[in-house]
Amino acid sequence: MIKTKIRSILSGIRSRIFYSTCLVITTAVLSFMLFSGSIIKSSLDKGMDNMDRRLGSDIMLVPKGSREEAENLLLEGQRGTFYFDGSVDDKVKDIEGISEVTSQCFLKSLSADCCSSEVELVFYDPDTDFVVGPWIETNYKSDLKKDNVIVGSDIVTENGTIKLFGKDYEVVSQMAKTGTALDSSVYFSDDSMASVIADAEEKNSFLTEEQKDGDILSSVFINLKDGYNEDDVIRECHAKAGDIFDVVYPKQLNESLSDNLLRITDIVGAVVLIGGILLFGILVLINSVIIESRKQEVALLRVLGNSKSKMALMLISETGAVSLFGSLVGCLLGALIVIPFGRYIGMSLSMPYLGPSFIGASVQVIVIMAIVFLVALVSSILFVFHVTGIEPYLALKKEAE
Amino acid sequence: MTSNTIFNNLKLRKTLMKNRFIVAALFLLAGLLVILIPTVLFPVCESEMKMACYYTKQAEIGVGAVILLLGIVSALFSDKKIRAGISIAQFFNGALVLALPLKLTGLCKMSDMACKAKTQPALIVISVLVLVIAGVNFGYLAATGNKDD
């Protein structure tokens, strides 16, 4: 019974192959647009959520003249090589109004190219840290020893170790995915800095004089106590540490990024809406041609004893089958292009971008197929009622004339 | 043989002939893209040192050339069995295009490097297309029986 129905639907589609192909192409383009748009939007939203969590301090002190690089670090995770005196955090930590202070030091591209260094190194103080901690996915019990590291989510480890400058380090934990270059970083305790620099020198990796010196910091993250003014605290920091730093406000950055995201999603939404309306118009046109051309066939089948509802179901099944197939093709094409190119899309938009999981993408495919199916039905329903509503006698008489 | 059967046979031969040249053109284009993606369209990282992505690029040029040449060869043969065999070969070539950056020779490990952000996704897309074209063509040739065009 079901086999016969499927065969009759397929033969109906095959007999109008040109229009059916047009219908498949239109629904495929519509699904491609909806799928790509929704995946890009949800990935940017997810990246933004992560961003909220990553900007984990009220103010950030960075060496004078490196504010732009530091902002890139926060937005895209791209680390720079900017340093100031290693005692800045000690000088500012006792200032009134400061509740937490922690510092980090970055070593970028210690070797000459991407593949031999493979990673960017971050040295942080596990005792005072409040920036790296929230990103650690799996807890580790012991302290971060000198030969222990925490790695970003993109780092591939071998048997729980990673080799850097000829030395093996035990990976004690892995960070959650951020969708930025932070995913390819390795995190050391600041106690390991001297030995890592010594190893790098031994392996003839390129190091600047500052890096060789060792007593350096790249940024100091500060959280304020409630009720204290940022400007007062910064003034006090300048008084204690000297005029050697610029200030970055992570929360302001976050706001400007949210504005950008809103603009991008508005554009994506507008393109999808306009394209969707156009494609809906094309669907109506195709359905009008397909279904109207079947007046006589429907009339004949009704004369042979088929009911109106049976005829309507037959026409709707054919449109539904074609639109579901087109929708699947469109979603698969969208997945094939948007998912692998996710990182590139994020980099081009200069926005944090966190692609969907397999389950997330599958759910999107199902939802979009359902939407396109409904749209195809809505675009054909009027014609279906019109064609099945005509008296068989009148339809056949018109054909005879 | 009735005139109807002769007409149907002629129609099938025409379709098969069309299929032969369309598929050959698609393979040719795909082979060209496999060569151009890591070299011109989405080039791998530039460095004086030869890194993993350099070797992947070299290997992809080789596989792309094979896909391109097999595309030309498939246009020269009317024998469906030969063309089905070429489709099988192209299927495995497509799998090789995918396996080179993902498993065999690999790429740089940092996700924001050019080879990882651009070359790899482009190679994934083109390899899937080669797999689909080869698979569908093999299925089509198998389904249309033993007639040559």
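Residues are numbered from 1 along each chain as its sequence is written, and chains are lettered from A in the order in which they are written. Because the model is predicted, local features need pLDDT of at least 70 and side-chain atom pairs count only at pLDDT 80 or more, whereas totals for chains, interfaces and linings use all residues.

Q: What makes two residues count as a contact, and which residues are in contact with A:I290 beyond its neighbours within four places in sequence?
A: Two residues are in contact if their C-beta atoms, placed from the backbone, lie within 7 Å. Leaving aside the neighbours within four places in sequence, A:I290 is in contact with A:R16 and A:Y19.

Q: What makes a stretch of chain B a helix, and how many helices has chain B?
A: Helices (H or I, at least four residues) and strands (E, at least two) are DSSP runs, numbered from the N terminus. Chain B has four helices and zero strands, and from the N terminus its elements run α-α-α-α. Of the 149 residues of chain B, 38% count as buried.

Q: Why are α3(B) and α4(B) called roughly antiparallel?
A: Angles under 35 degrees count as roughly parallel, over 145 as roughly antiparallel, 65 to 115 as roughly perpendicular and the rest as oblique. Axes are lines fitted to C-alpha atoms, for helices over the stretch in contact, and angles run from 0 to 180 degrees between N-to-C directions. Helix α3 (residues 80-104) of chain B and α4(B) pack at an angle of about 160 degrees, with their axes 8 Å apart. That makes α3(B) roughly antiparallel to α4(B).

Q: What makes α2(B) roughly antiparallel to α3(B)?
A: The axes of α2(B) and α3(B) come within 10 Å and cross at roughly 165 degrees. The helices α2(B) and α3(B) are therefore roughly antiparallel. Residues of this contact include B:V63 and B:I67 of α2(B) and B:N93 and B:L96 of α3(B).

Q: How are the residues in the contact of α2(B) with α3(B) divided by class?
A: Ala, Val, Leu, Ile, Met, Phe, Trp, Tyr, Cys and Pro count as nonpolar, Asp, Glu, Lys and Arg as charged, and the others, Gly among them, as polar. By these classes, the contact has 12 nonpolar, four polar and two charged residues.

Q: Why are α12(A) and α4(B) called oblique?
A: Their axes come within 8 Å and cross at roughly 135 degrees. The helices α12(A) and α4(B) are therefore oblique to each other. In this contact, A:R343, A:Y344 and A:M347 of α12(A) meet B:A117, B:K118 and B:P121 of α4(B). The residues divide into four nonpolar, no polar and two charged.

Q: How do you know that α12(A) is mostly covered?
A: Six of its eight residues are buried. They are A:G342, A:R343, A:Y344, A:I345, A:G346 and A:M347.

Q: Which helix gives the most to the side of chain B that touches chain A?
A: The contact takes 18 residues from chain B and 18 residues from chain A. Helix α4 (residues 114-143) of chain B gives the most to its side, with seven residues. That side has 12 nonpolar, three polar and three charged residues.

Q: What makes a set of residues a nonpolar core, and which members of the largest one touch the most others?
A: A nonpolar core is a set of buried Ala, Val, Leu, Ile, Met, Phe, Trp, Tyr and Cys residues joined through C-beta atoms within 7 Å. The largest has 54 residues, of which A:F35, A:I368, B:C45, B:C53, B:C108 and B:C115 touch the most other members. Helix α2(A) gives the most to this core, with 13 residues.

Definitions and conventions. Buried ≥ 20, exposed ≤ 12 C-beta atoms within 10 Å, placed from the backbone.
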